[in-house]
Each structure stands twice: as C-alpha cells, then as structure tokens.
Amino acid sequence: MTDALSPPAFAMPRLLAGQKALVTGANSGIGAAVALALAQAGADVAINYVAGDDAAQAVVDRITATGVRAKAYKADVSDEAQVTAMFAQVVADFGTVDILVANAGLQRDAAFASMTLAQWNTVLGINLTGQFLCARAAVQEFQRRGIVPAISRAAGKIICMSSVHEVIPWGGHVNYAASKGGVKLMMESMAQELAPQHIRINSIAPGAIRTPINTAAWETPEAYDKLMTLVPYGRIGEPEDIGNAAVWLASDMADYIVGTTLFVDGGMTLYPGFSTNG
Ligand code: BGC
C-alpha cells in the first residue's frame with residue numbers, strides 16, 4: 001500500500017509548468033494526491049480545505065519541497081461568500097488560476113426511508129453546489145484573463161471530480177449518486193456552453209480508490225475480496241491513479257478533450273457481473 005502522497009514510480013512530465021491550480025478538498029485522499037501530482041508536473045497549487053489545518057499544511061510542505069509554490073486556503077465550498085473570498089485571495093497570491101480541480105466531496109450514507117434532509121442537503125451542498133460555485137468563480141477568472149499562449153492553448157481548464165456513481169445507481173447512497181449524476185450533466189452543459197471561449201471542462205470518475213471516504217470497503221481482507229468482485233482489473237485504485245489522470249487531462253496533451261468523463265476505475269463500469277452471467 002502506498003500513502004496518498006507517495007510519488008509515482010516514473011518521472012512526472014512537467015506538462016503544467018508555470019500554471020496555477022486550485023484543488024478543493026486537497027488536504028486528504030484524492031484531492032491531496034491530485035494537488036501533489038499537479039505540483040510534480042510544475043504547477044503552483046492552492047490547497048483548499050475546510051477542516052484539518054495540520055493535514056493541509058502537510059500537503060503544502062510536501063509540495064513546496066518539490067520547488068513550486070503552494071498555500072492553504074480554508075473555505076467551505078458550499079458557501080458562496082467563502083468561495084468568492086477564496087478565489088479573490090488565490091488570484092491576489094498567485095496572479096491567476098489556470099486549472100480548477102473541483103474535488104471536494106463527501107458521503108452521508110443512509111437507507112433511503114430514513115435519510116434525513118440534513119444528510120441530503122449536506123451531500124448536495126458540497127458535492128454539487130460546491131462544484132457549481134467554484135466552477136463559476138473559475139470561469140469568471142478565465143474570462144477576465146483569456147488565453148495566454150505561453151501557458152496553455154486553453155483559456156482555462158476545469159476538472160470536476162465525479163464518480164462511477166454518475167452512472168452506477170447506488171442503493172443506500174441515494175444522495176451521493178444524485179449529486180454525481182448532477183455533476184455529469186452540469187459538467188457537460190458547462191463544457192458545451194464554454195467551449196467556444198476555449199474553456200475546457202471535463203470530469204474524472206474514480207471507482208474504488210483507497211482513501212478515508214471508503215475505508216470500510218477495503219480495510220479488512222474480507223471487504224477487499226468482496227470489493228474485487230466489482231473490479232475486473234483486480235486491484236483497488238490508489239490516489240496517485242487519479243493524480244496522474246488529472247495532470248494529463250489538465251494539460252495541453254488533452255487539448256481536444258472537451259466535456260468528457262474519464263473513468264479511472266479498473267473496469268468497475270464494465271458490468272463485471274455479466275462476465276459469467278446473463
Ligand atoms: C465512493 C466510494 C466507493 C466508490 C466505488 C466512490 O465515488 O466515494 O465510497 O467505494 O465510489 O463504489
């Protein structure tokens with residue numbers, strides 16, 4: 001097992017040199033790994049988080065050790081005023097934002113009949129409204145700045161962190177699946193509207209990744225074996241798998257990729273139950 005911040009086994013190409021990235025929910029799990037990967041690819045990185053000052057500082061320290069800039073920004077992505085203030089501060093500190101990874105997300109699981117409105121609203125508020133607020137602020141900055149050819153062919157890039165559950169229904173997690181289904185059409189509609197301005201918007205849809213959000217799904221051998229019945233590739237995803245995908249998707253290597261969801265899931269969306277049935 002590698003930890004969320006362990007470096008890749010290959011030399012990360014410096015595809016994002018000189019770019020400024022903001023990653024939300026970047027003090028743990030997938031967000032921390034994405035932030036580190038973008039930094040290893042040469043980007044300066046703003047680390048958004050809402051709780052866990054020490055963990056955010058650890059990510060900042062780990063990134064600055066690679067030779068680029070990083071700074072932590074405490075803000076609740078579901079709060080409009082906090083998002084506005086965060087973007088203003090990031091632009092003041094870094095000059096602009098070239099890449100937004102709208103990653104912050106959580107689960108509040110419950111059987112449907114007993115799901116509380118608070119559980120529903122919390123998940124929709126962070127996972128969907130939070131991505132809307134951050135994407136809107138990023139687009140406003142992209143429109144203000146426009147294309148800088150020495151930096152990127154695009155006027156800005158947004159990666160929405162979705163999930164395999166934007167297509168796979170998930171009983172017991174109706175709020176979460178609804179939020180990710182919302183992310184799918186929000187992303188596609190934003191991408192369609194903003195592509196003529198050379199703003200490039202896509203999603204990454206992780207499958208089962210070894211992070212704190214789903215510890216119960218992998219921490220015991222029994223749980224891990226059960227999980228593997230859903231993953232044709234036969235291993236759990238590591239946070240670095242998502243970081244590597246984010247570097248490429250944010251870079252000009254992916255300049256013609258617009259409005260696409262990149263599934264990084266070891267084949268979880270291939271209906272593995274049908275390999276011996278149906
Ligand atoms: C969820 C995880 C889950 C994975 C695969 C993710 O979006 O956050 O809890 O393990 O999907 O089902």
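Let me start with helix α1, where the buried residues are Gly-29, Ile-30, Gly-31, Ala-32, Ala-33, Val-34, Ala-35, Leu-36, Ala-37, Leu-38, Ala-39 and Gln-40. By buried I mean under 20% relative accessible area, while exposed means over 50% and partly exposed lies in between, with a 1.4 Å probe and protein chains only. Helices here are DSSP runs of H or I with at least four residues, strands are runs of E with at least two, and both are numbered from the N terminus.

Before I go on, please keep in mind that this is a predicted model, in which local features need pLDDT of at least 70 and side-chain atom pairs count only at pLDDT 80 or more, whereas totals for chains, interfaces and linings use all residues. Residues are numbered from 1 along each chain as its sequence is written, and side-chain values use heavy atoms, with hydrogens and water left out.

From its first C-alpha to its last, α1 reaches 17 Å, close to the 16 Å expected at 1.5 Å a residue, where the expected span is 1.5 Å times one less than the number of residues. After α1 comes Gly-42, with a positive phi near 105 degrees.

Now to the ligand. Which residues are around the ligand? They are Gln-107, Ser-163, His-165, Trp-170, Tyr-176, Gly-207, Ala-208, Ile-213, Asn-214 and Met-268, where a residue is near a molecule or strand if one of its heavy atoms lies within 4 Å of it. In the side chain of Gln-107, an N or O atom is 2.6 Å from an oxygen atom of the ligand. Ser-163 has a polar side-chain atom 2.7 Å from a ligand oxygen, and for a polar side-chain atom of His-165 the distance to an oxygen atom of the ligand is 2.7 Å. On its own the ligand has 310 Å² of accessible area, of which the protein covers 90%.

Let me turn to the cysteines. Cys-134 is buried at 1% relative accessible area, and Cys-160 is buried at 0%.

Lastly, some backbone details. Most residues other than glycine have a negative phi. His-198, however, has a positive phi near 60 degrees, and this residue sits in the loop between α5 (174–194) and β6 (199–206), where His-198 is partly exposed at 45% relative accessible area. Tyr-271, in the segment after β7 (261–264), also has a positive phi, of about 50 degrees, and Tyr-271 is exposed at 63%.

Methods
A polar contact is a pair of N or O atoms within 3.5 Å; within protein, one must be able to donate a hydrogen and the other to accept it, and residues adjacent in sequence count only if both atoms are side-chain atoms. Accessible areas come from the Shrake-Rupley method with a 1.4 Å probe; for residues, only the protein chains shown count as cover.
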